[in-house]
Amino acid sequence: MTVEAAQEIPRISAKEKDGDLLLVLAGPWTIHHSDILEQAIDGIGVPDARRIHFDLSQVGRMDTAGAWLIHRLRGDLEFHGARVSLQGVRPSFDALISEVEQHHPTPWAPVRHKLSLFSILETTGREVVGIGRDSLAILHIVGSLVSVLSGVFLRPRCLRIVSIATQFDRACIGAVPIVMLMSFLIGAIIAQQGGFYLRQFGADVYVVDLSGVLVLREIGVILTAIMVAGRSGSAFTAEIGSMKMREEIDALHVIGLRVTEVLILPRLFALILALPILTFLSNLAALFGAGLVSWLYLDMAPRVFINLMQQSVTVETLMVGIVKAPFMALIIGLVACVEGMKVSGSAESLGHHTTMSVVKAIFMVIVVDGLFAIFFSSIGI
């Protein structure tokens, strides 16, 4: 290689001088050699010297990119506690470096455009893509569940009964007080509002029909599913997400355990068992609240309320609400686990996906209830 060719290659050499570190910068420091300069700067690392001198006497050419690289290198070294000084700087180079030091780039921030047709279409497209990805993730988990369940049927010992019992205790037994309290209040409000308006037409007795049918068919299961989504669904997402952040999910893969079998299946089983029980208890609490308000507000004796309830509702009315519960539990569990697996390594990501888990689960619960309403209407139930 000729001397001229060697001078066209930027380089950094380090020398010890009286206990200080001397970095000799040579060659062209321009944007055309930025890739070589980046590698040379990365090769310096973090020196142990407390005083570092830059010798720029051998720098042939310099542009704004080169001045910015020198400024960045100087800032990184000073950040680690070194005192940096520049030597042998040409006046033109000194002016360029000083100009770069005075003008720092502003932090990047997303540009918020005004509402327009293109922004609406763009947002809609992004949401559709996100829905598609979520659907693929749910299908992936469902396929993995089918594979795990086939193994459980062949080897029942693989079913983690203790994990299912633990999750059932958290999702069902721990949720009974809040579910029954909320259902009691909702049932009381339905009876009070219904009695207030029906009394004007002398139709107080129809409060029993209103409360019984509405609670058993719709309100009981929807209210329970929403509370379970906010309580247990968010807990599932937070638990799996925190395990993902601490790389415990990767550890399960390394030791040969299937995440679906260890984490997802017990939670889904527990939720599918818990939600019908909670729905039944919610129905009892709501009807008790409606009966209490009918007694105190409408002067309807409890015996009369019970007799009218037996005439207005049947076991079929109760089963319409109970049948929806396992499907809603499956939806809540799948959404919660999918959002938990999507958590990245930051606390912000954990909070975001926990929130999205609750929102998506409640939305899907209402959609599923609407589909069931159409189905039962079509078969005459």
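**Exercise 1.** In which sense do β1 and strand β2 pair, and over how many bridges?

*Solution.* Keep in mind that this is a predicted model. Start with residues 20–29, which make up β2. Strand β2 pairs with β1 in the antiparallel sense, and the pairing runs over seven bridges. For one spot to look at, find Lys15: Leu22 in β2 stands opposite this residue.

**Exercise 2.** Work out the order of the strands in the open sheet, and find which strands lie at its edges.

*Solution.* Begin with the order, which is β1-β2-β3-β4, with mixed pairing among the four strands. Next, look for strands that pair on one side only: these are β1 (11–17) and β4 (83–87), the edge strands. Finally, follow the twist, which averages 25° from one strand to the next.

**Exercise 3.** Describe how helices α5 and α12 pack, and explain why they count as roughly perpendicular.

*Solution.* Two numbers are needed, because packed helices are described by the angle between their axes and the distance between the axes. For α5 (residues 117–154) and α12 (residues 315–341), the angle is about 110° and the axes are 10 Å apart. Angles of 65 to 115 degrees count as roughly perpendicular, so α5 is roughly perpendicular to α12. Then look at the contact: α5 contributes residues including Ile138 and Leu145, while Leu334 and Val338 are among those from α12. The contact residues divide into eight nonpolar, two charged and no polar.

**Exercise 4.** Trace helix α8: where does this helix bend?

*Solution.* Helix α8 covers residues 206–245, 40 residues in total. Along the way, α8 bends by about 60° at Val215. After the helix comes Glu247, with a positive phi near 65°.

Terms used. Residues numbered from 1 in each chain as written. Predicted model: local features only at pLDDT ≥ 70, side-chain atom pairs only at ≥ 80, totals over all residues. Heavy atoms only, no water. Axes fitted to C-alpha atoms, helices over the stretch in contact; angles between N-to-C directions. Helix = DSSP H or I, 4+ residues; strand = E, 2+ residues; numbered from the N terminus. Parallel < 35°, antiparallel > 145°, perpendicular 65-115°, else oblique. Contact = heavy atoms within 4.5 Å. Nonpolar A, V, L, I, M, F, W, Y, C, P; charged D, E, K, R; others polar. Expected span 1.5 Å × (residues − 1). Bend = angle between axes of the 7 residues up to and from the residue. Pairing = 2+ DSSP bridges.
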